[in-house]
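Please keep the viewer open as you read.

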Amino acid sequence: MGGWRRNRSWQENVSLKELQSRGVCLLKLQVSSQRTGLYGRLLVTLEPRRCVSAAALPSSSFTSGDIVGLYDEGGQLATGILTRITQKAVTVAFDESHDSQLTPLTFCNPALDASQQEAVLFALSQKELAIIHGPPGTGKTTTVVEIILQAVKRGSKVLCCAPSNIAVDNLVERLAQRKQRILRLGHPARLLDSIQQHSLDAVLARSDGARIVADIRRDIDQAWAKNRKTQDKREKSNFRDEIKLLRKELKDREEAAMLESLAAASVVLATNTGASADGPLKLLPDGHFDVVVIDECAQALEASCWIPLLKARKCILAGDHKQLPPTIVSHKLLSPGRAALAGLSLSLMERLAEQHGAGAVRMLTVQYRMHQAIARWASEALYHGQLTAHPSVAGHLLRDLPGVAATEETGLPLLLVDTAGCGLLELEEEDEQSKGNPGEVRLVSLHFQALVDAGVRAADIAVITPYNLQCLPHPVPGFTGSLCQLIFGPALGGRAASG
């Protein structure tokens with residue numbers, strides 16, 4: 001929001017922060033309430049966004065009666081008269097014509113935390129690029145889904161992609177719960193059973209033209225059968241001409257049905273490569289999509305991201321470039337190492353985040369997955385200490401679960417076991433390319449049994465190892481979960497970790 005009576009300051013080549021420091025601009029406001037005032041004027045109260053640490057507005061030269069302008073990333077929204085200003089909020093009177101511009105955003109998911117809400121608002125306000133940095137357990141997918149829902153509410157057509165089928169299917173499941181008009185591109189054999197109904201093939205099978213297409217295919221089969229039976233050259237030629245015409249009609253009918261289904265969808269979902277111009281999207285006109293969303297962008301090769309990015313003028317990238325980089329399988333450069341040195345391991349998200357910084361990035365800061373003791377190292381080492389554990393998980397322990405006894409094992413959120421110098425030697429198998437350590441397997445099996453004895457369900461325990469060979473030769477007693485074997489491996493520096 002800026003004052004008009006000092007409009008010369010707006011023409012100077014100074015930053016918005018500098019204008020705020022001069023008292024002629026207030027930044028990062030959000031609508032907190034609105035009501036109808038005297039003579040039908042729309043009274044809108046604005047306050048600092050929840051993400052802003054200071055609860056009070058900065059000092060300014062604004063007074064009641066000032067003409068002020070309201071702006072977003074796209075430019076000026078409206079002008080009005082300042083009617084009231086306090087340390088925590090300002091109230092502005094607008095004409096009724098500005099009602100639709102100033103309607104406060106209603107979140108589809110009311111449970112979003114402050115950092116998630118700020119990320120949604122930021123992504124919607126950006127003109128070209130928004131990066132949502134979501135560390136583990138911070139609700140990145142939840143935030144991305146909210147952004148997509150809000151974009152659809154504004155009438156936007158959204159193309160949503162990810163580098164893997166499972167990541168795309170996860171978004172399909174979440175959006176389907178919100179009753180959105182979604183369409184999943186990709187071969188049905190690669191899709192989860194739960195989202196098959198949203199695949200292009202399934203949608204086409206339910207379309208009005210499905211019966212006509214089936215009739216044409218039957219006519220083609222019958223023409224081929226007649227062609228094989230006859231020995232007359234002229235008849236064979238006639239049948240081939242008929243089949244050629246039927247195939248053209250079939251192609252036209254199928255493409256028309258696909259175009260209708262694509263155009264009717266509010267959100268089209270595909271892998272990055274599935275958004276290729278060689279696929280169904282070639283049927284849509286240029287400029288059909290308003291926004292491209294790429295989830296798990298930090299795990300995707302930059303080259304694959306450009307396939308969907310060419311479909312719209314605005315993109316929203318989501319992921320965590322502090323985790324695993326893109327997977328590289330390079331034949332031309334002979335080895336993944338050489339390919340990484342050539343720059344392929346740098347994702348588009350990481351490159352743009354480093355290039356644009358806070359101007360294009362919003363980070364989610366509340367994690368809902370793990371005890372604060374487990375998250376502390378990662379927060380300090382990778383996220384500048386910005387991550388905080390939500391109260392629902394910050395102190396939760398296994399012994400807090402129903403039916404679980406309070407023991408030493410169930411009272412520890414994180415246990416590090418140093419096996420160095422304990423004589424727990426790795427297996428030396430000449431024919432094996434993997435690694436294994438039977439002694440560490442025995443250690444984890446004892447810990448596993450202690451948890452089961454304390455009342456923890458065996459099906460709720462998972463053990464992870466980086467090595468295939470590090471598997472128990474026999475199942476652990478009482479282990480009835482989905483894992484057929486209990487596996488375990490050393491963590492950083494030869495240490496074994498469980499928690």
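His-384 sits in the loop between helix 12 (372-382) and strand 15 (388-389); helices (H or I, at least four residues) and strands (E, at least two) are DSSP runs, numbered from the N terminus. The model is a predicted one, in which local features need pLDDT of at least 70, side-chain atom pairs count only at pLDDT 80 or more, and totals for chains, interfaces and linings use all residues. Residues are numbered from 1 along each chain as its sequence is written, and side-chain values use heavy atoms, with hydrogens and water left out.

His-384 has a phi near 55°, a positive value in a residue other than glycine. Most residues other than glycine have a negative phi. With a relative accessible area of 69%, His-384 is exposed; here buried means under 20% relative accessible area, exposed over 50%, and partly exposed in between (1.4 Å probe, protein chains only). Glu-296 also has a positive phi, of about 50°, although it is not a glycine. Its place is the loop between strand 11 and helix 9, and Glu-296 is partly exposed, with a relative accessible area of 23%.

Strand 11, helix 9 (residues 302-309) and strand 12 form a right-handed β-α-β unit. A crossover is right-handed if, with the strands pointing away from the viewer, the path from the first strand over the helix to the second runs clockwise. Strand 11 (residues 291-294) pairs with strand 12 in the parallel sense over four bridges, where pairing requires that DSSP finds at least two bridges between two strands. Strand 7 (residues 129-133) pairs with strand 12 as well, in the parallel sense and over five bridges. Which residue of strand 12 is the bridge partner of Ile-131? The partner is Leu-317, and Ile-294 also stands opposite Leu-317 in strand 12.

How covered is strand 12, and which residues point which way? Six of the six residues in strand 12 (residues 314-319) are buried. Lys-314, Ile-316 and Ala-318 point one way, while Cys-315, Leu-317 and Gly-319 point the other way, and all are buried.

Helix 3 (residues 114-125) has 12 residues and reaches 16 Å from its first C-alpha to its last, close to the 16 Å expected at 1.5 Å a residue; the expected span is 1.5 Å times one less than the number of residues. Nine of the 12 residues in helix 3 are buried, among them Gln-116, Glu-118, Val-120, Phe-122 and Leu-124. The cover over the buried residues of helix 3 includes strand 7, helix 4 (140-153), strand 12, strand 13 (361-363) and strand 14 (366-367), with contact meaning heavy atoms within 4.5 Å.

Gly-80 is part of strand 5 (residues 75-85), and Ser-261 belongs to helix 8 (residues 233-264). Not counting residues up to four places away in sequence, Gly-80 touches Asp-66, Ile-67, Val-68, Val-92, Ala-93 and Phe-94. The C-alpha atoms of Gly-80 and Thr-91, 11 residues apart along the chain, are separated by 9.8 Å. Leaving aside neighbours within four places in sequence, Ser-261 is in contact with Leu-183, Leu-200, Val-203 and Leu-204.

Here are some of the accessibility values side by side.

| Residue | Relative accessible area | Class |
|---|---|---|
| Cys-160 | 1% | buried |
| Gly-80 | 7% | buried |
| Ser-261 | 13% | buried |
| Cys-422 | 49% | partly exposed |

On to the cysteines: how many disulfides are there? A disulfide is a pair of cysteine sulfur atoms within 2.5 Å, and by this rule the count comes to zero. Cys-160 is in no disulfide, and the nearest cysteine sulfur, that of Cys-161, is 6.7 Å away.

Finally, the whole chain. The protein chain has 14 helices and 17 strands, and buried residues make up 40% of its 499 residues. Among contacts between residues at least 6 apart in sequence, 62% join residues at least 24 apart. The protein chain exposes about 28300 Å², of which carbon and sulfur atoms supply 52%; accessible areas come from the Shrake-Rupley method with a 1.4 Å probe, and for residues only the protein chains shown count as cover.
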